[in-house]
Amino acid sequence: MNYILDFIQQGGVIAYVLVAMNFVGYSIIVWKIISLILFNRSIRKRLPSKILHRVVTHNTDHHIIIESIRTEIALAFSPLQKGMTTIENIASISPLLGLLGTVFGIFNAFSVIAVSGLSDAGAFATGIKLALITTVIGLVVAIPHVISFNYLNARMESEQDNVENDVLLQLGRILKEKDHRRSQGVATSPSAPRNDIIDEDA
């Protein structure tokens, strides 16, 4: 533990900034994973019926219904998207901050050479060390965030596709039943889709 703290301390201000960003990013990642688990347990199963009930109740045109379904799904998943931009930004900015530390370290190293030549090897090595440490920390912060962002984003897109497929399957069954009733000459009231959907939800 002391070795890690010394390592970060030698990286200077940029290393502390990177560590702070890492804590923020990991907190958001944990929050997103918990949110996905809770979403799948408490909301996912009821979501298709709720979306279909809300959409078909207020629309009759098939094209409008399809677009409204996609809009409702996007709105339902928007809370899960919160924080994803921060994870993506940390993944993108961390290597750049590490590179900035590298530039500062090399600049300091050459400043030492310009002042005292190569006689002060310790000061020269300190600059090079700063350059290497910030680069390492920047990559250590960035790589897990890139992996986490890609994983969470893929999971959310997959869940959205699954919900859309479930909604369209339920819509297809309702429309098929309506067509079947019409073919048999059974009068269908305008509220029939709503009753069908309520039965699906129950």
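Where in α4 does a kink of about 25° lie? In this predicted model, the close-up views below take up that point and the contacts between helices.

**View 1. Helix α4 and its kink.** The kink of about 25° in α4 is found at L75, shortly before the proline P79. Helix α4 covers residues 62-81, and its 20 residues, at 1.5 Å a residue, should span 28 Å, which agrees with the 28 Å that separates its end C-alpha atoms. Just after α4, G83 adopts a positive phi of about 95°.

**View 2. The buried residues of α4.** Within α4, the residues that are buried are I65, S68, I69, E72, I73, F77 and L80.

**View 3. Packing of α2 against α4.** The axes of α2 and α4 are 9 Å apart, and the two helices pack at an angle of about 145°. On the α2 side the contact is made by K32, S35, L36 and F39, which meet F77, P79, L80 and Q81 of α4. By residue class, this contact of α2 with α4 comprises five nonpolar residues, two polar and one charged.

**View 4. Crossing of α1 and α2.** Helix α1 (residues 2-10) and helix α2 (residues 12-42) have axes that come within 6 Å and cross at roughly 120°, and α1 and α2 are therefore oblique to each other. From α1, the residues I8, Q9 and Q10 meet G12, A15, Y16 and V19 in α2. The residues of this contact of α1 with α2 divide into four nonpolar and three polar, with no charged residue.

Conventions: Residues numbered from 1 in each chain as written. Predicted model: local features only at pLDDT ≥ 70, side-chain atom pairs only at ≥ 80, totals over all residues. Heavy atoms only, no water. Axes fitted to C-alpha atoms, helices over the stretch in contact; angles between N-to-C directions. Helix = DSSP H or I, 4+ residues; strand = E, 2+ residues; numbered from the N terminus. Parallel < 35°, antiparallel > 145°, perpendicular 65-115°, else oblique. Contact = heavy atoms within 4.5 Å. Nonpolar A, V, L, I, M, F, W, Y, C, P; charged D, E, K, R; others polar. Expected span 1.5 Å × (residues − 1). Bend = angle between axes of the 7 residues up to and from the residue. Buried < 20%, exposed > 50% of the residue type's maximum accessible area, 1.4 Å probe, protein only.
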